[in-house]
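Here is a short briefing on one structure. Topics follow in groups.

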Amino acid sequence: MATEFSFISTTLGKITNFALVIAITFWWLPLTVTPQGSQGLLPILLAALAGNMMMTGVLAWYARRHFRIGLSSDITLMRELCIKTLPFGLALFLNAIFFKVDILLLTLLLPEQSAHTAVALYSVPMKVVEVAMMFAALFLNSLLPTLTTAFATTPQKVAKLLTRSALLLGSAGLLGAIILSIFAREILSLVVNPDYINPLVHAVNSLDALRVVAWILPLYFLSSVAT
């Protein structure tokens, strides 16, 4: 339940990924630009892999301070775990698909020429919202040890913890949605080409999309408590 170390390892992994992406962008890419384009995709993917390796390595080092980690097989245990975790695993799988199916639908339902534009205009606002959604996960990961202890020792405390968490996250989600809606132009201006939010270029653009998808936040934050 030492969730703070999970936070440390994840943060170090993200810093590693970010630092490598910066190095690739400002050092590697200028050296590899050719008339056919740049050889930048593979190094970016390797940077993501390096970030995950850093996170896993730090977690493994910390875990080894408490118990030995080795590989072994137990068919009976594996079968039992698969059966018990199947519903939650299926829910996680569907959740992962849920965050990609919108892009798939845009690609399938729109004409090919306009589909790529629609995906580009929509993806950036959705990515902004996905980043904001991580705050719910961070809060609930920190809450989990306290909540688990309450279930085992003082069940009457569980309702109070869940009620306060729902109130806090619901309020935070509502505030986040309002801020994203009001300051949509200023926020998107930091991360996109001006054409993405120019109504003269695209009648329905990233600005409109962000003002809609921002309202996912209060609903997602509340449902995260239940999850």
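**Briefing: burial and contacts**

I22 has a relative accessible area of 35%, so I22 is partly exposed (buried means under 20% relative accessible area, exposed over 50%, partly exposed in between; 1.4 Å probe, protein chains only). This is a predicted model: local features need pLDDT of at least 70, side-chain atom pairs count only at pLDDT 80 or more, and totals for chains, interfaces and linings use all residues. Residues are numbered from 1 along each chain as its sequence is written, and side-chain values use heavy atoms, with hydrogens and water left out.

**I22 in α1**
- I22 sits in helix α1 (residues 3-32); helices (H or I, at least four residues) are DSSP runs, numbered from the N terminus.
- I22 and I44 are 22 residues apart along the chain, and their C-alpha atoms are separated by 9.7 Å.

**Helix α8**
- Helix α8 spans residues 216-226, and its buried residues are L217, P218, F221, S224 and V225.
- Those buried residues line one face of α8, because they fall within an arc of 125 degrees seen down its axis; the arc is that of the directions from the helix axis to the C-beta atoms.
- L219 and A226 are exposed on the other side of α8.
- The cover over the buried residues of α8 includes α4 (112-153), α5 (156-182) and α7 (206-213).

**S165 in α5**
- S165 belongs to helix α5.
- S165 counts as buried because its relative accessibility is 2%.
- Beyond its neighbours within four places in sequence, S165 is in contact with F139, L143, G170 and V225; contact means heavy atoms within 4.5 Å.
- V225 is also one of the buried residues of α8.

Note on methods: Helices (H or I, at least four residues) and strands (E, at least two) are DSSP runs, numbered from the N terminus.
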